[in-house]
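Here is a short briefing on one helix and on some aromatic rings. Have the structure open as you read.

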Amino acid sequence: MLSAYGYAVLSPAAVSQWAGCELAALEALSPSWNDMPPDGYLKDGGRYRHRRHSCFVLRDGAVEQVAHRAHWQPVEYNALHGGMQRWFEPMELGTVAAPAWKQLLLALGQTAGALFGTGAQTPWYAEAHQFRIDTADGIGRPTPEGAHRDGVDLVAVFLVGRERIRGGETRVFDAAGPQGVRFTLTEPWSVMLLDDARMIHESTPILPQSEQGGWRDTLVVTLRRGGFQGSDAA
């Protein structure tokens, strides 16, 4: 489906099989979303997003975490926050040291290699983003930049959890035409995979279902050939 349509959606059970690890091992990563600093770069003045960010290189069946670096995108791909050196706190050591984390990244590298026909020695430059979008101010925006591409090769959006919210619908459009689909990821550790050159994507705002408010946790991992985005600008 990924090669034919430019996107694919996997259930938690399928993710477990694809990554070669127990679903319980992936679920054990989820508590790290409960302790994330706020995103201080939101140009809309919002306080609804918390995040962490770390970078890795995948090659020859190995995962190497690289020195902490800024996240950067050109304005062509992110009109709202492009062109900024955004320094987020790194992912916690316990998260990136977990065997399930390595297995997840290696599965993504293998999928990218199969999709684009690269050899095992071709490095993939992976950026991992932990997001929590909450409704503390009444509304949370998973993609404040709107429908977009990320300027990479492969994008993976994992739903880690959603609590007491409505909204958060995923919308995927063919970059070369009017075709599109919309769906809502509801099961923890389900994933949407995207060929970034072919597809445009966005997620709709979330609203609280109760006075206690709610949140939506996701893991976004992007893979790119040739270097990290912004390597020339850093």
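What covers the buried residues of helix α2 includes β1 (7-10), α3 (23-27), α5 (99-116), β5 (154-163) and β9 (190-195). Contact here means heavy atoms within 4.5 Å. This is a predicted model: local features need pLDDT of at least 70, side-chain atom pairs count only at pLDDT 80 or more, and totals for chains, interfaces and linings use all residues. Residues are numbered from 1 along each chain as its sequence is written, and side-chain values use heavy atoms, leaving out hydrogens and water.

**Helix α2**
- Helices (H or I, at least four residues) and strands (E, at least two) are DSSP runs, numbered from the N terminus.
- In α2 (residues 12-19), the buried residues are P12, V15, S16 and A19.
- They cover an arc of only 100° around the axis, so they sit on the same side of α2. The arc is that of the directions from the helix axis to the C-beta atoms.
- A13 and Q17 are exposed, on the face turned away from the buried side of α2.
- Buried means under 20% relative accessible area, exposed over 50%, and partly exposed in between (1.4 Å probe, protein chains only).
- G20 follows α2, and its phi is positive, near 70°.

**Aromatic rings**
- The whole structure holds seven aromatic pairs. Rings of Phe, Tyr and Trp (its six-membered ring) pair if their centres lie within 6.5 Å; planes under 30 degrees apart count as stacked, over 60 as edge-to-face and the rest as tilted.
- The ring centres of F158 and W189 are 5.9 Å apart and the planes are at 55°, so this pair is tilted.
- F158 is buried, at 0% relative accessible area. W189 is buried too, at 0%.
- Ring pairs link W18, W33, F158 and W189 into a cluster.
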